[in-house]
Amino acid sequence: MEAINSRFPKAKRKGNGSEQWRAALFLSPSWLLLLLFFFVPAVLTFYFAFTNMALTGAAAANTQFVGFQNFTNMFQDATFRTSVGNTIVFLIFSAVVGQQVMGFLIAFLMNGRNRVFRSVVGSIVISGWVAPEVVCAFVWFAFLNDTGTANAFIQGIGFEPIAWLYTFPMVSVIVANVWHGTAFSMMVFQAALGDVPKEVEEAAMIDGASAWQRLIRITIPMISGSVVTNMVLVTLQTLGSFTLIYALTGGGPGNATETLPIYMYHQAFVNYQLGYGTAISLVLLLIGIVASLLYMKLLKVKL
Amino acid sequence: MSSNVRKRPRMNRFMVGRVLPYIILSFIALLFLLPMLWLVLASFDGAATLALKVPDEVTLSNYTSTLASSDNQRSFGNGLLLALGQALLVVAAAGLASYPLSRYQLRYKRPFMYVILFATGLPITAVMVPVYQFFLYMQIQDSLFFTILFLAASALPYSIWMMKNFMDSVPLELEEAAWVDGASIWTTLRLVVAPLMLPGIFTVGIFAFAGSWGNFLVPFILLQSPQKLPAAVTIYQYFGQNGIVQYGKLAAFSIIYTIPAVALYVFGQRFMSQGFSFGGANKG
């Protein structure tokens, strides 16, 4: 306290009391917005998840506290289990493997190449990231359509066209999401690789380490911090991913691409089971809370 | 002699090592480019199909008819209102909040910043159902104004975090100099701190604007009246409703909708690289 106060010129030093008041005043708009529209809904999740709230039917007029019924229903609900499985597959192949590996591959290969070439490739990859998610969905809807570019190419080399979104729905949404999200990982890894000192790699090269050995033994361990942080961030982003899947397949065909956010939406806004929908979003929120705490721990922020 | 023989394969491997990354990267770039290239070409094609093809005749008619439609104008207007309103609100609230968080010793600063960082990670999707219930209960659903407030609240955690970091990098010495010269706190904020914070203000504003301009889920759930829907939801309705779609027009709509996001990204790059470069003032 003394140290801070002594940095202010005596004449202009405001009393600590008025400083506290001014702080409260400056923080109040943020507090108010966050409280009303962020924390209240988050807390309400915990309440609504234990009710039978619905938009139609008997439960609509008379919302009751039903204890853990939503959750016991959940475990018997085959669609819920499918959507958990879909979410895990989508997370692993689109976020953890797809975007990270693709992002690293591009960043690694770009390291030290021609500048113009690098910025052209970078811009192309980033264009899929900057474009709003709905546009990405439309672009992939066209690309994978029966009469789309992918099939035009396949027919061009003499194969039968494939109804991608029906035959390989999960693969389709994963590819689309990797296309959309890779740029983020690419940029994280570009920054990380830029910080790896050249001397270390050169020393290993002189010692006769092959390119592969240098990659596995030196480069990847040196950027492991970025890899883990990026993994948590990408997981968090992908966990809440709704728009791309919803606009591309709507969770179908059947429920082949029904992830937790899509199932939550269907239960709450199509079947009007708000209580059950909230219980599903609570599951989503809890996974998010764990990942978010992990992220904070990894960042090791000093405040 | 023997050293000569050995050198040759080594040279070859060296050449392969040099050229191969370019080949692989070009191939990846092509795969990334193809879907987007269709969108661009189709938007200039009067008879666009879903497959990639060079237009027989390049035309701007898709753009002119898209822009001439009053429905489309309104949906772009709604999107602009949501994004701009939210960005201004976020910049004002986060800017004010960042000052005491950066400059004062507050007992609750550490927990507050932890909560902010924690909230940054939470997926907004997970709170949308209770948010809708809350809006329904308060009878504020289908309102552009309250949708702006919610969008602002959801962008605040990372905005406050970024803004505080920017504020930390503005040297205290300049403010102290202004105080010595007799300026009040408010004058100092307005004339000394705000101009130095411009890169931060722009970065946070751009982030916030781009976030809500591209947001589909929030307006999709909180707004119902067709005349209130922003461009993000309109596009979805055009191609989601499986009617006869004029793909060229929808492509033009998508490009017009994407341009602000791209422009802001390019513009924002400038500020982000300049963001933390006022170190020089420290040494004066």
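Which residues of chain B does the UniProt annotation "transmembrane region" cover? In this predicted model, the unreviewed entry puts that label on residues 75-99, 111-132, 144-161, 196-224 and 244-267 of chain B. Two of these stretches can be set against the computed secondary structure. Residues 144-161 of chain B come out as 100% helix and 0% strand, with 26 Å between the end C-alpha atoms. For residues 196-224 of chain B the figures are 83% helix and 0% strand, and the end C-alpha atoms sit 42 Å apart.

Chain A has its own record: UniProt, again from an unreviewed entry, lists "domain: ABC transmembrane type-1" over residues 85-295. That span of chain A is 79% helix and 0% strand, and its end C-alpha atoms lie 23 Å apart.

Back in chain B, Val91(B) belongs to helix 3, which runs over residues 70-103. Val91(B) counts as buried because 25 C-beta neighbours fall inside 10 Å, against a cut-off of 20 or more. Beyond its neighbours within four places in sequence, Val91(B) makes contact with Ile201(B), Val204(B) and Gly205(B).

As for how the chains meet, the contact draws 71 residues from chain B and 75 residues from chain A. On the chain B side, several helices supply at least two residues each, among them helix 3, helix 6 (144-169) and helix 11 (247-274). Helix 1 of chain B gives the most, with 14 residues. By type, the residues on the side of chain B that touches chain A split into 58 nonpolar, eleven polar and two charged.

Methods. Residues numbered from 1 in each chain as written. Chains lettered and ligands numbered in written order. Predicted model: local features only at pLDDT ≥ 70, side-chain atom pairs only at ≥ 80, totals over all residues. UniProt positions renumbered as here; feature names shortened; annotations may be inferred. Helix = DSSP H or I, 4+ residues; strand = E, 2+ residues; numbered from the N terminus. Buried ≥ 20, exposed ≤ 12 C-beta atoms within 10 Å, placed from the backbone. Contact = placed C-beta atoms within 7 Å. Nonpolar A, V, L, I, M, F, W, Y, C, P; charged D, E, K, R; others polar.
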